[in-house]
Each structure stands twice: as structure tokens, then as C-alpha cells.
Amino acid sequence: MSYSGFVWRNGTRNKRRAILTMLSVALALFVLSTLVTFVKEIDRNLEETNPLRLITRHAVSLTNPLPVRYRARIESIPGVVAVTPLTWFGGIYIDEAHTDFMQFACDAKTLFDVYPEIALPPEQKEAFIKDRTGVIVGRRKAEKHGWKLGDKITLKGAIYPVDLELTLRGIFAGTPNQEAAIYFHREYLDEFPGWWQGTVGTFWIRVDAADSVPRVIEAIDAQFRNSDAPTRTETERAFNMGFVSMLGNLKGLVAAISSVIIFTILLVTANTMAMSVRERIREIAVLKSLGFRRRQVVGLLISEGMAITLTGGLIGCLGARLIWTSIDLAAFSQGFFQQLEVSWRIISLGGLVAALVGLLSTVIPAYHAARLTVAEGLRHVG
Amino acid sequence: MAIPLKYNFRSLFVRRVSTAMTVLSIALVVAVFVGVMALATGLEMALVTTGDPLNVLVRRRGSDSELSSFISREAFQAMRFLPGVQMNADGAPIASGEIVVVINLPKRGEQKGSNVTIRGVSPVGLALRPQLHIVEGRLFQPGLREVIVSRRISERFEHTSLGDRLRFGKGEWKVVGIFDAGNTAFDSEIWTDVNQLASDYHRESFSSVLLRATDEAAVKEIINRIENDRRYNLLAQPEVEYYEEQTKAAGPIKLLGMFIAIVMGIGACFAAMNTMYAAVTYRTREIATLRVLGFKRGSILLSFLTESLLLALIGGLIGCVLVLPIHGITTGTANWQTFSEIAFAFRITPELLLWGMSFAALMGLFGGIFPARQAARQSPAAALREG
């Protein structure tokens, strides 16, 4: 019998115990890999940003609008390649449960200069630019809501007390977050009388090179520092970070919970391994009398523990991957998460954690058992 | 006849290392559950305890919070003199037109900031929230650029200590007082004079109007009158209800707590099961002896179930004790409905502890039932022969 066969047979000889232990490790790793993926997902949102893209908003807060005339002054700053205004509309489509996308009033002519990654067929782009009430949506949203070109989409305003009757003119591909957005003309919103006329929520800016970034940021904010509406300009990444920061100390919470979970499975497996070793003290003595070295015996026992926890851990992580990719998470979390995919890296990390837990939990009982002399071991009543 | 409880206690003590590990793993699962739920409870309580049952909050129909609402001064004047609105000692209606804006402030010790609500109120507005009191400094003076800051916001954000200067609107505002609003949503706000705020923001209109009704019947009456007035298109609702609706902000946290608790709870069940199966195996001969002495199968079953329950309840108790120190710790998260920070404290209520204990008991029951059944089914003769 091979070494690994021997380990596996021994590990699973008390089938019930092995399965229960594997399952508790699997459940713990399921939670753990989900939590880590959750945090990674938030980070990924930040990584998807373009370092050459800046955003200018009102210095006081995002809810304060900026005058639309600022655009020309920002455009004239050296290093600025393109400027496009975006105003968050925040309306409701059918009801709150269906509104799993972000809505922006945009300037159709410059939007694509700042967002080159929005991939839209040229004829659709043209149709969108021509139609004052036109709207373009991300591919995934179009699929999900069953929208086709030419469909009417009505958005009921919440912040803006107006209802927009939009016509679908284009379906674009982009990053997962981008595909959760829809864009319509700000000129259309501006037609309705109200305080918002002549204002925009934010300006998005593309600069020519990475070394222009600090200078352009400073130049824009200096331009408006002493006006009625002072601005704050930052990189896209810093802007997204602001939203994450608003959620509170999420990482701290996840880290705290994760460490408790790891400690809990350590306790559970240590307990099982101690039981399993105690039952086999006589056998261990037999092994030693057959000429197995102490180190070999410890090695055998540790491999056994690790085999059980590793199997459990992989079941848990793979299960998490399977479950989270087969659920429509965007609908479930009202658009907060577009996807939650447990990556292979996290799965291997989970396996490593599980194996380490197996090692740590077996090392003490294994060492104790191996230290007994053959005579003591054989005399043992277990 | 039942087997004495002492037998279970002693048995647990004999295998003390194994018992301790199982107890501790149950304790940790209970602690995580109670901890996450304390976070959700704290957030909910900050919102649920806000508002007086006689107060009516009016905002624009279609707006989901005060932030996106506006009410003309004309509509406000009309509302003040609705029948059913309470009068104060001076014979003036108790009605407050308020302005709500949001500013972005850096968090203490962090570069990044979060949004904080600024509420412009009149003296009537202060009278409508008697739970709010100044703990340091003094109240702002109407007509001056002065603000008062809640203690929780002051602890968490830069530029909000007594004597600091805040920049928003058209310039600087001085922090002249720190207040405590009795664990309500106002504990996440900065307050100032409504007229000063209106002129800084060029606001002709109010964000919302808060009215005090004379009695419960008048609350309904006022709401009906406002909703049926076609001129203004406003939405009136009891203040309590408005804040209750925002408790859905706690939904995701609760979901997280439940998810972790249920999955980890099942895991802990398996751990308890392992321990109990081992206990049954070790005590095969003991069980047989008990049977020979005349204890019935039912008594054996009950005894092992009790033992497992005992194990879990001790775990639950330790878990509850472990998590207690987080009670009262202040934290904050985004309330997306008001687009601003809501500051609150972890809250461990007796009810929550009871939930934790019930959860532990459930783990004990499920973990114990199968091993106990196995113990009860053993044939005494075979078991005695075996050893």
C-alpha cells in the first residue's frame, strides 16, 4: 500500500467522523471564501478605473450641482483632452426592485471621448446622438430586462420631479460596472423647467498623460476656488474609494469575522484529530515496533489531518464558486454587486488555509502520541 | 426514571479538553452571530427611536428622502394654520420648515471622507425635538454663521470639534456646541439656523416641514388634508414612519449576519455531533451498565440529549459574554436613502442575547439527537461483552 493510500484509508476509517469534520471545514471555508471575494469585489471596482480619468465635483458634496459653463474653462486647461458632463438622475424604472442600474444624463457628443471603453456599434452611436430622447444601455441590463432597440423606457424622477420617456437607441459593451449604467441626453432633462437647468452633477475629464494628473487637478480647483461653486477634482480611483469609505470599516469587520472563523475551524479539527489519535495509540505503538520512526509517525498523522481539512476546504471554496456564479446577484443585491465570482486564486488560498489548519490541529496530538514508548503505547487503554 | 444531571456534568468534565474545544467553537459562532446582529440592531434602533408619534413630516411627493424634497414657503404658510396643528405657549403654531443639505467631511484619521447631513432649523424645530440637548458649548445664534454638531459626528469627523471652523455654503461656520440627541437619527447630523443656511444656498424653499398635531386623531386629519390638497403635491406621514422606512439600511448587515450564522451554525452542529458520537463510543459499557441497572432507553436518550444541550448552552453563554464588550462602540455607515453617514452604536439587547442562546440550544439539539439515539439503541448485552 502506498503512503498516500495508507493516509487516506486511516483518515476515513471512521467515515462518519471524517465526513462531519470535512463538512464543518467546508462550511467554514464557504463563508470565508465568500467574505474574501466580497472584499476583493469592492477592490476590483477600484482597479477597473482609468488613471487618466479625473472627476470634478462641487467641493461641498456630490449633491451640490455645478454650473454647466464650467466646462469651457476646464477644457482650456493644458493637458485636458476631453471633458464630458454626467448628472446622476436616480429615477425609478417600474419600481425599486427593477431599478438595478445607474442612470446618467450625459453629453452624447463628448461621452465617448472620455469613455473610450464604451463599445457601441457606429450606426447605434449615430442614432443615439441624433435622437434627443434616445438612451443607450449596457448589454447585461438589456438582456436582463429584455430590452430591444426602439423600446420605450420610462424613468420616474425622484430627485428631479419629471418623468423621462426614453427610446432605446443603442446597446453597448463595457466593464461589468459600466454595463450596469444607462446614458441619456442631458439636453432632454434640461428642457424641463426647474432649478437644475444650466447645472450638471459632475464633469469627467480625460488628460493626456499620467504626469499631467496632479497639475490638472490643481489647475481646475484653483480656477474655481473663489467662486460660488468651488470644485474638488480627483482621480476616478479616489472618487470610487470615497464611496467605499462611506460604507464604513467594511474591511475591518470582514477581517474580524474571518479570523474568528479560522480559529473556530482550528478548534473543531483539533478536537477531532485529538480524538482520532487517542483511539489509535496502540496502533501507533505497533507502527513504531515495526520500525517506523517517530518522525514518520508524526508525518503520517499530520498528512491525515491535512487530507481531511484540505478536502473539506476545497469542497467549501468550490461550492462557493458554484453557488455564487449560478445566482443572479445583481437582482438580489439591487445592483450593488454585479457579480461575485470566487476566483481560482481565492480557492487555492482557501485550500492553503484549510491545509494549514489541518497541520496545526494535528501537530500536538500527533507529537504526544509519537512520544510514547512502544511499551506504554501497547499498554494504553483507549 | 431520569438519569441525574450530575452524571452529565461529570461526564463533560472527564473529557474536559474535548469539551472545552467544542464549547469554545460554539461560543465563537454565537459571538459572531450576536456581534453582527448587534451592528444591525444599533443601526435600526438609531432610526426606530427617532420621531414623536404626534409629529407629521411633510415632503414632496415622489422624493424618497428629505434631501431630494422641496416645499415652497407659500405651502408652508398654508400648512401652519391647518386645523389640528398644536399651538405653543405664545399662540404660534408648532411647525418647522427645515432645510437639509449634505456636505462631505474627512473622517478622523483617514484621508477619505463621508457625507454628513446639515439641517437648518428654527427655534420651533428645536422645541419639536426635546430629546436633543447641548452637552458642550452653547446653541447657535440665529443670524450668525454658527453650527452645533452631534457628539457622534464630532467623534468621527475632522473640523467638527468645539471651536473648529467648517467650510460649506458661502464660507466658514463656527462650531459652537456639541449635542446629544438621545440615540436618534439626529445624532448623525449638524444643525444650524435655517435662514442662514437658506441664504448661503440660495434656497427659496424648504426641504421638509415638521408639524406637531394636538392628538392622534389630528395626525390623521392633517395627513388627509395635506395629501388631498392638489395645489402642492405633497406627501405627509408620521415622522416615526419616515424613519422606520429607512431601517432597510440595516437589511444587508442582517443578511450578512444570518448568512454567517446559519452556515457556521451548521458547521458547529457537526462539531458538536462529532464530540457527542465520541462520547457515546467511549461510554458504550457505561451505557450498557445503566441499562442493566434498569434505566429505560428513553432515559438514556434524554440524558445524552441533555448533555449535548448543556455543552451548547455553556458555549452560548461564553459566546454572549465574549461579545458583550462591543456594546456601545460607535461606528457609522452610509444611509443611501439620505446619501449621508448614519452614526450609531453596537447594541446588544436582552432579546438579542436570548436569540444567541436559542441559536446555541438549536446547535446542541441537532448535534446531539443522532448520537443520543445511537446510545439509546445499543444492546446492553453486546456492549458489555465487547470491551
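**Close-up views of a predicted two-chain model**

**View 1. A nonpolar surface patch brings together residues of chains A and B.** Patches are built from residues with over 30% relative accessible area and no salt bridge, joining like charges within 9 Å and nonpolar side chains (Val, Leu, Ile, Met, Phe, Trp, Tyr) within 5 Å. Accessible areas follow the Shrake-Rupley method with a 1.4 Å probe, and for residues only the protein chains shown count as cover. This is a predicted model, in which local features need pLDDT of at least 70 and side-chain atom pairs count only at pLDDT 80 or more, while totals for chains, interfaces and linings use all residues. Residues are numbered from 1 along each chain as its sequence is written, chains are lettered from A and ligands numbered from 1 in the order in which they are written, and side-chain values use heavy atoms, leaving out hydrogens and water.

**View 2. Helices contribute to the patch.** In chain B, helix H1 (5-14) and helix H11 (297-323) each supply at least two patch residues, and H11(B) gives the largest share, with 3 residues. Helices here are DSSP runs (H or I, at least four residues), numbered from the N terminus. On the chain A side, A:Phe263 sits in helix H10 (residues 250-279) and is partly exposed, at 41% relative accessibility. On this scale, buried means under 20% relative accessible area, exposed over 50%, and partly exposed in between (1.4 Å probe, protein chains only).

**View 3. A:Leu111 is a buried residue of helix H4.** Look for this leucine within residues 108-114 of chain A; its relative accessible area is 0%. Beyond its neighbours within four places in sequence, A:Leu111 touches A:Thr84, A:Leu86, A:Cys106, A:Ile118, A:Ile136 and A:Tyr183, where contact means heavy atoms within 4.5 Å. A:Arg186 is 75 residues away along the chain, with 11 Å between the two C-alpha atoms.

**View 4. A salt bridge links B:Arg156 and B:Glu341.** Their side chains meet at 2.8 Å, N to O. The term requires a side-chain nitrogen of Lys or Arg within 4 Å of a carboxyl oxygen of Asp or Glu.
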